[in-house]
Amino acid sequence: MADKKLGEVRTEFIKRVNKTIIKQLLDELLCVGIMSDEEVEEVNVTDKTQDQARILIDNVRKKGPEASRRFIVFLLDRNAFLAEQLDLQAFTAVGQSTEVKISVEEESKNGIKLCPQNLFQQIQTSEGTEIYPINDPKTRTRLALIICNIKFNHLAYRQGAEVDLEQMKLLLEDLGYNVKIERNLSSEDITTCLKNFAAREEHKASDGMFVVLMSHGLQDVICGVHSKGEHSDIFSIHTVFSIFNNKNCQALRRKPKVVIIQACRGEQRGYMVENVEDSAASAGASLQSDSHITMQLQTDAIKKVHVESDFICLYSTTPDHVSWRHPETGSLFIKQLIDTIKKHAWDCNLEEVFRKVLQHFANNPCQMPSKDRTTLTKKFYLFPGH
């Protein structure tokens with residue numbers, strides 16, 4: 001059994017593991033609910049690496065074979081060399097090899113790691129009402145909308161945005177969403193498109209939706225195709241939340257609503273890169289940016305509902321800063337977001353997936369994505385393959 005195997009390699013694990021691997025394992029174990037915040041803190045408050053490793057492995061072993069097996073899977077994924085030194089690869093090749101192989105290697109045709117049935121059932125059972133429910137694939141109607149402005153009348157052509165559009169479409173389709181695509185819209189047309197999408201009857205049988213907006217932008221706005229500057233043909237991001245709130249889109253009440261925005265939020269750079277700027281006024285050679293310019297409480301018999309809830313919005317950059325795009329491989333943010341969802345959505349909820357995206361950019365200081373107006377009341381698992 002996996003817990004007995006961890007007992008056998010306990011001494012060598014404590015001797016060989018480093019703090020980086022310990023931190024990564026803690027993140028994974030916290031994400032899937034094997035360890036609690038308090039248990040993670042117990043490890044972190046200890047300074048010595050060996051003491052951290054001792055507390056970590058003993059905590060996992062006490063939770064039994066399944067928790068220990070997941071620990072081995074995560075260690076294989078994070079540091080195969082250390083796992084081999086501990087003879088854990090040989091262990092997974094015997095006895096429980098099929099189960100571990102599914103968890104680590106099974107992918108969709110477009111490269112998304114799929115959630116194995118046993119983990120799907122385990123999360124459903126252990127998390128219970130703490131997660132957003134997943135509807136039956138035979139009857140649900142998941143919808144996603146992508147609006148991508150590429151060609152403008154007065155602003156720079158967003159070269160590379162076609163890659164973002166195609167890859168995002170493939171990702172959402174692989175997650176079971178019926179994807180509608182709109183290109184090159186004015187701000188007025190964006191509003192109309194979003195309202196029509198919010199009115200779709202299919203949302204009643206859905207268990208969530210995605211809206212992806214990609215264009216040039218400024219602080220809290222994106223540019224329509226007729227834009228000449230910050231005072232003409234601009235679409236306010238606040239409108240998205242108004243259109244899909246609980247008052248205006250009742251079919252999506254209590255369901256997760258994901259908003260992804262690829263656009264600049266100003267003209268400041270998070271990192272100086274020579275010869276790469278492409279704002280609304282200038283074009284670059286290598287990377288390009290999508291820049292443009294006292295309450296009294298009472299009770300009554302009427303049911304109250306929050307006007308806005310169950311949203312999570314991930315913006316490609318922080319306020320006032322540019323967002324970079326490569327003319328051949330697409331936007332840095334969209335590419336990393338897709339890669340992270342493919343690798344981690346099988347066992348992490350979406351907020352944790354987004355944190356991993358931010359973690360990547362922490363070591364790549366060109367821009368920093370940010371979560372905006374997150375009002376999820378539960379954990380949202382994408383459960384690829386289900």
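## Charges over rings

The charged end of Lys 257 is placed over the ring of Phe 311, at 5.2 Å from the ring centre. A charge counts as sitting over a ring if NZ of Lys or CZ of Arg is within 6 Å of the ring centre and within 35 degrees of the ring normal. Arg 373 likewise has its charged end over the ring of Phe 241, 4.1 Å from the centre.

The model is predicted: local features need pLDDT of at least 70 and side-chain atom pairs pLDDT 80 or more, whereas totals for chains, interfaces and linings use all residues. Residues are numbered from 1 along each chain as its sequence is written, and side-chain values use heavy atoms, with hydrogens and water left out.

## Aromatic pairs

The structure holds seven aromatic pairs. Rings of Phe, Tyr and Trp (its six-membered ring) pair if their centres lie within 6.5 Å; planes under 30 degrees apart are stacked, over 60 edge-to-face, and the rest tilted. The rings of Phe 13 and Phe 71 have centres 5.6 Å apart and planes at 70°, so this pair is edge-to-face. Phe 13 belongs to helix H1 (residues 2–16) and Phe 71 to helix H5, 58 residues apart; helices (H or I, at least four residues) are DSSP runs numbered from the N terminus, as are strands (E, at least two).

Both Phe 13 and Phe 71 are buried, that is, under 20% relative accessible area, with exposed meaning over 50% and partly exposed in between (1.4 Å probe, protein chains only). Elsewhere, ring pairs join Phe 120, Tyr 381 and Phe 383 into a cluster.

## Nonpolar cores

The largest nonpolar core has 82 residues, of which Phe 13 and Leu 56 touch the most other members. Such a core is a set of buried Ala, Val, Leu, Ile, Met, Phe, Trp, Tyr and Cys residues joined through side-chain atoms within 4.5 Å. Helix H5 (residues 65–78) contributes the most to this core, with seven residues. Apart from this core lies another of 27 residues, including Phe 241 and Leu 213.

## Salt bridges

The whole structure contains 29 salt bridges, each a side-chain nitrogen of Lys or Arg within 4 Å of a carboxyl oxygen of Asp or Glu. Asp 87 and Lys 5 form one of them (3.8 Å, N to O). Asp 87 is partly exposed at 39% relative accessible area, whereas Lys 5 counts as buried at 13%.
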